[in-house]
Structures are given as structure tokens and as C-alpha cells.
Amino acid sequence: MAHFLTGSSSPASACPHHRESHRQHAVVQCGTSLSTPRISEPEASPAESSACIQGGMAPLVQALQSTASQDVACFHFPGHNRGKAAPSSLSKLIGPGAFLHDLPELPELDDLFSPNGVILDAQKRAAQLFGSSKTWFLVNGTTCGIQASVMATCSPGDYLIVPRNCHISVISALVLSGAVPKYIIPEYSSAWDIAGGITPLQVDEAVKELEEDGKRVGAVLVTSPTYHGVCSNVQGIVSVCHPRGIPVIVDEAHGAHFRFHDSFPSTAIEQGADLAVQSTHKVLCSLTQSSMLHTAGDLVNVDQVSQCLQVLQSSSPSYLLLSSLDAARYHLSKNTNIFDEPLAIASETKDQL
Ligand SMILES: Cc1ncc(COP(=O)(O)O)c(C=O)c1O
């Protein structure tokens, strides 16, 4: 039963020459040295040190801050030159700081498609907080996380079992992967006049039907919660799928906050999902378009997911978006009671209605 809330292919790599040329010398220190300055870790205040123990610092935010504060002449993108050539109308509107920190993939800022520095560190800290084995930062919303998840699990001609009221990104994922949809009609709530979730029984019937016809099921995709807040029994769906080796992808765009209060439902990853995509920008506090893709278990090939993300995302990812994910993660790790007040207000409002 769905319940209400209370509260695949190997794409080509980006051209290495192109990437190298823009990563190579890009900044010249205005002092005497011509070498690219290294980041020095700022000293942590006592409050920050205690946060560091609880949930860690924000490595990407710190690296961005450190790089932006260097006294250097810049010979890199973007052309607004750390705000010096920014259109004044926008600079006045959003402030010069936004331009100053709008930096490209400089060596000390790591590489989203092959992270081994501050991005990797920030993603690992996010994985720890969100309870996944690996987390990818996304700069093209949950949309690209869903597309990559389907592409990494379904080969052309495979079936994707999916609720009929899925988000449009699932439809584009079908187009991109060549997977064939097997639709499940979600439960309908006459009390609320909205579509609900899908059940383990519905998934079991869909899998059996396809297997009897000799079809291969690439994955099952569940939207949980829906836009209206209806959750499906992800754990039950996982127990139908995993014995058959079928991965479960959860569109958790509207459930990025579930991990942060006991009265919220369990997260998809906690319930055993293989891939869960969350719009950190929708229900948490990162910038619009920034999301996270989490994985757990060993049913999904993580390298394939990384390769698909490389096809779907810009080779010039915005560090404002990336660092906003790191900042949101840090903020949540520091403020463990962040949802107490909104929940109390929501409950009070509900009582008064
Ligand atoms: C259920 C659902 N899934 C996925 C998405 C796509 O999320 P994003 O805007 O982060 O790409 C949305 C967006 O509204 C959504 O409502």
C-alpha cells in the first residue's frame, strides 16, 4: 500500500586535449611567482572544529573561497573575468561576489568528471551524510540523474517498469536509453483526488508478465515521494526486484529532506534502493539546478553511471552550483534540528485548518 506523508552504454569521453588546454595555465600570480598557487587550508575556528568532528567542513566552498581571494591575473573562462567584465545590471542585482566565485575547473578546484580532489572529498562527505556508498553532484538537476540512472541500467530494448504519472525526465530517459516502458497505473486516492504510489504487488505482476513474454527488465523506477507527497513502499518493491537481480531507481526529487528528521519516512537508500536521485535545490537549500545522485549495493555499475553523467552534463560545470551542494551538506550536518521548527509550524497550521 502506498502511504501518505505526515509532515546504458559507454559514451565517449570529453576531449582530453580540450579539457587540458583550459586547465593549463590559467592564472598568473600578481606577485613574483608564475606558478599556480596552491590552496592553503584556512584555520578552523573552535565552532568550525566541532562541526568538523560532527559532519565535516565544506571543502569545495573553502577551495572556491581560497581561489577567489588570490591576487592573480586571470587568463581563463568565464569571460566576465571574475566580475571585472560583468554586465553591471546583473552585478548590481546579484552582487560582485557571485561573479568573483563563478570559477571554472582550475586545477585546485578538481574535475567533476574525474574527481580526485575537493569535489571527491565533498561528494564523499555527502555520501556519508546521506547514507550512500557513493554520491555524485549534479549540475543539471534530478533530470540528468534520472536519465543517467536509466541509461546505466537499461540497454536498448530492455523494459523499464515505471508509474504512468512519472516525471517528464523519465520519458526523455526512455528516449535516450532505448528502453521500453512498462507502465503501472498508480493507485488513486479519491479522498484527495490525486494519484498515489505504486505497490510491490503491481511491480511483481508487471515483472512476471514481462518474464512470461521473454522480455528483459532493465530496472524498476519509482517516484517516491510524488510531487503531492505520496510515498511508495520502496522496501517492498526492492524485495520483489532484488532476488531477480533487477535494480530499483527512485525518483526522490521531493524527498531530499527525509534523512533529517525522525518523523519523515525512511529514505530510498535506507530502504534498499540501488539509485536515488534527489533535488537538493527543491527541498533543501542548494541553488536551483543542483541535485545529488546516491547509490548503494552492488547491482549497479558505478562507472557506467559516471560515464552517462558525463554525456548528460556540461563540461563546464558551475562551481556556484557545485559548492552550493557542499554548503547545503555542511549546513545540514551542523544543524541537526533544522526541521523541528518547520514541522511544528506545519502541524500547528494543519490543526488550525
Ligand atoms: C517528481 C519529479 N522528478 C524529477 C524532477 C526533475 O527535477 P529537477 O528540476 O531537479 O531536474 C521533478 C521536477 O519538478 C519532479 O517533480
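V222 sits in strand β9, where strands (E, at least two residues) and helices (H or I, at least four) are DSSP runs numbered from the N terminus. In this predicted model, local features need pLDDT of at least 70 and side-chain atom pairs count only at pLDDT 80 or more, while totals for chains, interfaces and linings use all residues. Residues are numbered from 1 along each chain as its sequence is written. V222 counts as buried, with 30 C-beta neighbours inside 10 Å; the cut-off for buried is 20 or more other C-beta atoms within 10 Å of the residue's own, exposed means 12 or fewer, and partly exposed is in between, with C-beta atoms placed from the backbone. Leaving out neighbours within four places in sequence, V222 is in contact with I198, S232, V234, I237, V248 and V250, contact being C-beta atoms, placed from the backbone, within 7 Å. T199 is 23 residues from V222 in sequence, and the two C-alpha atoms are 9.6 Å apart in space.

The strand also holds G218, which is buried with 26 other C-beta atoms within 10 Å. With residues up to four places away in sequence not counted, G218 touches T153, C154, S155, D158, Y159, L160 and A179. G218 and V150 are separated by 68 residues in sequence but by 8.3 Å in space, C-alpha to C-alpha.

V150 turns up again in the largest nonpolar core, as one of the residues with the most contacts inside it, alongside L160, I161, V203, V220, L221 and V248. This core has 79 residues, a nonpolar core being a set of buried Ala, Val, Leu, Ile, Met, Phe, Trp, Tyr and Cys residues joined through C-beta atoms within 7 Å. Helix α13 gives the most to the core, with seven residues. Domain 1 (23-100) and domain 2 (111-333) both contribute, so the core lies between them; the domain bounds come from an automatic or database domain assignment. As for I161, its contacts beyond four places in sequence are K182, I184, V203, A206, V207, V217 and V220. In soluble globular proteins, nonpolar side chains tend to be buried together.

On the whole-protein level, there are 14 helices and 13 strands, and 42% of the 353 residues count as buried. Helix α13 (319-334) is largely enclosed by the rest of the structure, because 12 of its 16 residues are buried. Those 12 are Y319, L321, L322, S323, S324, L325, D326, A328, R329, Y330, L332 and S333. From first C-alpha to last, α13 reaches 22 Å, close to the 22 Å expected at 1.5 Å a residue; the expected span is 1.5 Å times one less than the number of residues.

Helix α13 is also part of what covers the buried residues of α6, together with elements including α3 (59-68), β4 (134-138) and β13 (291-295). Helix α6 (residues 118-130) has 13 residues and spans 18 Å, close to the expected 18 Å. Its buried residues are V118, I119, D121, A122, Q123, R125, A126, A127 and F130. Just after α6 comes G131, with a positive phi of about 75 degrees.

D110, in the loop between α5 (96-100) and α6, has phi near 75 degrees, and it counts as buried with 22 C-beta neighbours inside 10 Å. N81 has a positive phi of about 55 degrees and is found in the loop between β3 and α4. N81 is partly exposed, with 14 other C-beta atoms within 10 Å. The loop between β3 (72-74) and α4 (88-94) holds P78 as well, and the peptide bond from F77 to P78 is cis, with omega near -10 degrees. Another cis peptide bond runs from S224 to P225, with omega near 0 degrees; P225 is in the loop between β9 (217-223) and β10 (230-231).

Finally, the ligand. Around it are G141, T142, T143, H167, S169, T223, Y227, D251, A253, H254, S279 and S291, where near means a C-beta atom, placed from the backbone, within 6 Å. Helix α7 (residues 141-153) supplies the largest share of this shell, three residues. By class, the shell has two nonpolar, nine polar and one charged residues; Ala, Val, Leu, Ile, Met, Phe, Trp, Tyr, Cys and Pro count as nonpolar, Asp, Glu, Lys and Arg as charged, and the others, Gly among them, as polar.

Notes: Contact = placed C-beta atoms within 7 Å.
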